[in-house]
Amino acid sequence: MKFTAPLHAFTHWEKVTPDQQMFNQPFAKGSIKMSYQEVGVEIRKMAHALVLLGYAPKTRIALLSKNCSHWIMADLAIQMAGHISVPIYPTINANSIAEIMAHSESKAVIVGKLDNYEAQKAGLEGYTRIGVKAYGVEEKLNWEDMVAQNEALTEVPDQKAEDLLTIMYTSGTTGAPKGVMHSVGSFNAVTNTAVSAIELKVNKPNFFSYLPLTHIAERIGVEMFGLYQGGNFSFPFSLETFADDLATTQPDLFFAVPRIWTKFQDNILNTIPQKKLDLLLSIPILNNIIRKKIKKKLGLLHTQAIFTGAAPIAISQLIWFQRLGIDICQAYGLTEDCILSHFNLPGKNKFGSVGKPLPGVEIKFSPEDEILIKSECLMMGYYKEEQMTHEVFTEDGYLKTGDIGEYDHDGFLWITGRIKDQFKTDKGKYISPAPIELELLKNSDIDQVCVVGTGIPQPIGLIVLSATGKEKEQAALTESIEQTMKALNPTLESVAKIQKIVVMKEDWTIDNGLLTPTLKIKRNRVEKIHQSMYGQWFNEEASILFE
């Protein structure tokens, strides 16, 4: 069935399958399960409470929380009250929260599950705060009392395609976050398209929501996809219980960013070393038993569609997982195009590419090979940034993605670089780092890479070690990285050959500001910290250096 809006989808399942489980929310003392009918009552009561706050229609209401049942309920309640949601990444600091609250002109905020609300609370001074006591957030207004004290809203607004639904602030790898405005129509069209394209062969599928719902991929691929399918949502209790929670859920669709796949790979190899794994997979019958056991342990035993995105992934890693019976489909999309772009799909998967265009997508290339895209799901614009919005669209309405790419003879799109990531060495030659970084990541001792080179004759690689790399003696590690560099350089143009590799002394994380909340490297920030050292590192005698 095709729906016309998120609320249309929810109210349909609320009516047709009222007893179907919608949420499995873990707490320290056990999980709370809620049916579509129970969720509907709670959402409608909360929506009524929001209406009674007296805000004008289409007021911006922020949502600050990690993934949980209350995140999705809050999102639907805000819509049902006739307002516009402004999700905020749950890991950002108080100053960044304050900037988004002010820029979006939000009047209130619903605060749910967080790791350290006290450190973030200063960013919400002066705003109406609604806390969820179930997660230990105590405020004058709280979710539980507002639900208990109000009747359920009976009249659900008719969401029109052209209505502004949400303002989503990008995580910002190269600059300040921008508020991307999306309409009801864009969310509806991309979800209906994805449901038709992916075709899960199961009624009431299971979903496991753990990547930030503030990010477009999780919001469309899990919240909206699950909502339109009448699915059941589960969430991790904590980072420590993540693996067990995922294994218990066994979702029907699963999405992860490349760093998650690397963690999965490391965990498997820590249990079964590569040589032993190769041997087990070479033995008939036993190999299928091993594959099934690994997939069950990961939580992917019943998964029909497995996706990766948000950053490039090495072909060698895709092949590695395929040997285990885990076929990972790389997808491509932006916040600005509501991820209606290109997908590899089960049975139509070409490793290294990002797939073929989804129905309704038009694409062309600029003279610089920048990917330009058009569909009915493009953003309405950047909130309060008319000039910036104008600059990101061509005169004929195509979105400038900032990515460089090309089609192969089978019609699959390959991303070959990003315009803003290109840098010029002092030889005056532009280098695209992404393909080089993917090659370096084939070395299992390396977890993160940033290839740089502004102002020096040749590029150098800044790397963060993986768990296996950190366990090695420095001599063995140096030999491993040198071998990778020696194998890589002959395949590169002379201007792109890596001169040095520098091992960072600390990891790049969200907490130290070097990763976005979706685990992408903040290249500008990494460069700002280390650029003054490029010349010194370049002139060192050794090819592998330790910071």
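This briefing walks through a few strand pairings and helix contacts in the structure above. The model is predicted, so to speak of local features takes pLDDT of at least 70, side-chain atom pairs count only at pLDDT 80 or more, and totals for chains, interfaces and linings use all residues. Residues are numbered from 1 along each chain as its sequence is written, and side-chain values use heavy atoms, with hydrogens and water left out. Helices (H or I, at least four residues) and strands (E, at least two) are DSSP runs, numbered from the N terminus.

- Strand 20 (residues 399-407) pairs with strand 21 (residues 413-418) in the antiparallel sense over five bridges; two strands pair if DSSP finds at least two bridges between them.
- The two make a hairpin with five residues between them, and Gly411 in the turn has a positive phi of about 85 degrees.
- Across this pairing, Ile404 has Gly417 as its bridge partner, while Glu406 stands opposite Trp414.
- Strand 20 also runs antiparallel to strand 18 (residues 370-374), joined by three bridges.
- Here Ile404 turns up again, as the bridge partner of Glu370.

**Helix 9 against helix 12**

- Helix 9 (residues 242-249) packs on helix 12 (residues 286-298) at an angle of about 115 degrees, with the axes 6 Å apart.
- Those axes are lines fitted to C-alpha atoms, for helices over the stretch in contact, and angles run from 0 to 180 degrees between N-to-C directions.
- That angle makes the two helices roughly perpendicular (65 to 115 degrees).
- Ala243, Leu246 and Ala247 of helix 9 meet Lys296, Lys297 and Leu298 of helix 12, where contact means heavy atoms within 4.5 Å.
- By type, the contact residues are four nonpolar, no polar and two charged (Ala and Leu count as nonpolar, Lys as charged).

**Helix 11 and its two faces**

- Leu277, Leu280 and Leu281 of helix 11 (residues 274-281) are buried (under 20% relative accessible area, 1.4 Å probe, protein chains only).
- They sit on the same side of helix 11 because they cover an arc of only 95 degrees around the axis, taken from the directions from the helix axis to the C-beta atoms.
- Covering these buried residues are, among others, helix 10 (258-271), helix 12 and helix 13 (315-322).
- Lys275 and Leu279 are exposed (over 50%) on the face turned away from the buried side.

Notes
Angles under 35 degrees count as roughly parallel, over 145 as roughly antiparallel, 65 to 115 as roughly perpendicular and the rest as oblique.
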